[in-house]
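This briefing walks through one protein model, topic by topic. Please look over the sequence and the structure first, and then read on with both at hand.

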Amino acid sequence: MTNTFRPIAADRLPALLAAMPKAELHIHIEGSLEPELIFALSQRNGIAIPYAGVEELRRAYAFTNLQSFLDIYYAGASVLITAQDFYDMAWAYLRKAAADNVARAEIFFDPQTHTARGVDMATVIDGLHRACADAQKQLGVSAALILCFLRHLSEEDAFQTLEQAQPFLDKIIGVGLDSSEVGHPPEKFARVFARCRALGLHLVAHAGEEGPPAYVWSALDVLKVERIDHGVQSVRDAALMQRLARDRIPLTVCPLSNQKLCVFPDLQHHNLGRLLEAGLVATVNSDDPAYFGGYINENFTQTFAATGLGATQAYQLARNSFEGSFGDATQKQQLIDRLDEVFAKFE
Ligand code: HPA
Ligand code: ZN
């Protein structure tokens with residue numbers, strides 16, 4: 001892919017970033033739960049949360065690392081009880097995604113956060129899946145679900161979760177691995193991922209967010225994942241960078257998340273441009289937009305403003321998002337054609 005674009009005026013770049021169709025490949029649906037909805041569900045379900053109101057909760061969103069975020073993120077998710085709750089959360093995200101010209105969303109969910117509280121797997125998947133189906137019909141957004149295993153829990157817990165998901169495998173396209181990274185290397189889930197692979201599920205894993213390049217290697221070689229979520233630490237290992245480029249392994253990068261969790265001191269120092277220069281299939285995503293200060297277009301506009309990336313990189317990132325998606329070849333080509341049409345209008 002060698003498209004380059006005439007420099008477009010800096011003041012038109014935000015409009016281009018917003019208008020271009022894109023896929024979002026790294027969004028935790030529980031991380032799209034806005035404080036207003038947390039309080040509404042807390043009231044609806046009679047579940048107390050230890051914050052006086054929306055403003056106090058938002059003020060608590062001052063994170064120092066991944067774990068400091070996860071503690072609040074799991075507390076926020078505790079208000080989700082019924083299938084309608086899961087539907088409302090996912091629908092709110094999908095409407096925002098549609099407004100950001102997301103044409104395809106591959107959505108993570110963390111069932112163990114809910115089943116551990118006595119919420120059935122069926123409840124979780126029913127609500128999320130209905131929202132995805134409605135998104136296609138009412139918003140024209142193609143949406144699919146990826147079940148994530150929590151890596152701070154045991155292999156046995158992950159196997160039990162897979163067992164509970166077995167009746168609903170037609171409603172998920174793959175599995176992922178998230179939560180506390182350091183101290184929980186991918187190898188811990190080698191057998192679970194082998195089973196999922198045998199079931200024909202797509203495989204992804206968070207690796208190299210805070211953890212070392214070794215975790216990216218083992219996600220690739222032991223878990224045999226098709227995409228790496230985050231992966232920004234890969235730049236510390238030249239051989240790994242070559243491997244990622246050679247095999248065209250997509251990296252689902254989340255710049256505002258990395259800034260908020262202090263993975264980089266600020267957006268100016270983010271390595272997205274370096275990943276693209278090295279020929280990697282990098283993409284831009286929002287991770288947990290309700291917690292990190294913005295949805296996907298906000299990630300694009302803030303990162304481009306801070307790092308000086310331009311139209312050529314915008315095109316590459318959007319195109320990478322379609323190439324890296326798990327949609328079929330026809331859908332990918334249709335979305336790339338739409339992308340080309342939007343860029344042609346801006347030239
Ligand atoms: N990393 C790991 N686990 C997560 C994240 C993340 O960025 N967001 C939600 N769970
Ligand atoms: Zn994530």
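Predicted model: local features only at pLDDT ≥ 70, side-chain atom pairs only at ≥ 80, totals over all residues.

Does Asp-287 count as buried or exposed? With a relative accessibility of 2%, Asp-287 counts as buried, because a residue is called buried when its relative accessible area is under 20%.

**The chain as a whole**

- The protein chain contains 17 helices and 8 strands, and its C-alpha atoms fill a box of roughly 55 × 40 × 40 Å when this box is taken along the principal axes.
- The radius of gyration of the protein chain is 19 Å, and this agrees with a compact globule, because a globule of that kind with 347 residues would have a value near 20 Å.
- Of the 347 residues in the protein chain, 58% count as buried, while the accessible surface of the chain comes to about 13,400 Å², with 50% of that surface belonging to carbon and sulfur atoms.
- If one takes the contacts in the protein chain between residues at least 6 apart in sequence, 77% of them join residues that are at least 24 apart.

**The largest pocket**

- The largest pocket holds about 230 Å³ of space, and its lining is made up of 12 residues, among which Leu-276, Glu-277, Gly-279, Leu-280 and Gln-316 lie nearest its centre.
- Two helices, α13 (272-277) and α16 (311-323), each supply at least two residues of this lining, and the largest share, 4 residues, comes from α16.
- Sorted by class, the lining of the largest pocket has 4 nonpolar, 6 polar and 2 charged residues.
- Glu-277, one of the residues nearest the centre of the largest pocket, has its place in helix α13.
- Glu-277 counts as exposed because its relative accessibility is 73%, and exposed means over 50%.
- The C-alpha atom of Glu-277 is separated by 38 Å from that of Asp-134, a residue 143 residues apart from Glu-277 along the chain.

**The cavities**

- Rolling a probe the size of a water molecule over the atoms shows where empty space is left.
- In this model, the count comes to 2 cavities of 30 Å³ or more, and the largest cavity has a volume of about 90 Å³.
- The largest cavity is lined by 15 residues, and those closest to its centre are His-28, Leu-66, Phe-69, Leu-70 and Asp-288.
- Helix α4 (residues 66-77) gives the largest share of the lining of the largest cavity, with 4 residues, and by class this lining divides into 6 nonpolar, 4 polar and 5 charged residues.
- The second largest cavity holds about 50 Å³ of space, and the residues that line this cavity are Ile-38, Ile-49, Pro-50, Tyr-51, Leu-57, Ile-72, Ala-75 and Gly-76.
- For the second largest cavity, too, the largest share of the lining comes from α4, here with 3 residues, and the classes in this lining are 7 nonpolar, 1 polar and no charged residues.

**Two serines in loops**

- Ser-32 sits in the loop between β1 (22-28) and α2 (35-45), and this serine is buried because its relative accessible area is 5%.
- Once the neighbours within four places in sequence are left aside, Ser-32 is in contact with Ile-27, Met-89, Tyr-93, Pro-289, Ala-290 and Tyr-295.
- Between the C-alpha atoms of Ser-32 and Ala-311, which are 279 residues apart along the chain, the separation is 28 Å.
- Ser-234 lies in the loop between β6 (227-230) and α11 (238-246), and Ser-234 counts as buried because its relative accessibility is 0%.
- Not counting residues up to four places away in sequence, Ser-234 touches Val-216, Leu-240, Met-241 and Leu-244.

**Positive phi angles**

- Asp-287, found in the loop between β8 (282-284) and α14 (289-292), has a positive phi of about 65 degrees although this residue is not a glycine.
- Lys-224, which belongs to the loop between α10 (213-223) and β6, is a residue other than glycine with a positive phi, near 65 degrees.
- Lys-224 is partly exposed because its relative accessible area is 40%, whereas Asp-287 is buried at 2%.

Conventions
Residues numbered from 1 in each chain as written. Chains lettered and ligands numbered in written order. Heavy atoms only, no water. 1 Å grid on protein atoms, 1.4 Å probe; cavity = no way out; pocket = protein on both sides within 12 Å on 5 of 7 lines; lining within 4 Å. Points joined across faces, edges and corners; volume = space filled by probe spheres on them. Nonpolar A, V, L, I, M, F, W, Y, C, P; charged D, E, K, R; others polar. Buried < 20%, exposed > 50% of the residue type's maximum accessible area, 1.4 Å probe, protein only. Contact = heavy atoms within 4.5 Å. Rg over C-alpha atoms; globule rule 2.2 N^0.38 Å. Areas by Shrake-Rupley, 256 points an atom, 1.4 Å probe, with all protein chains shown as cover.
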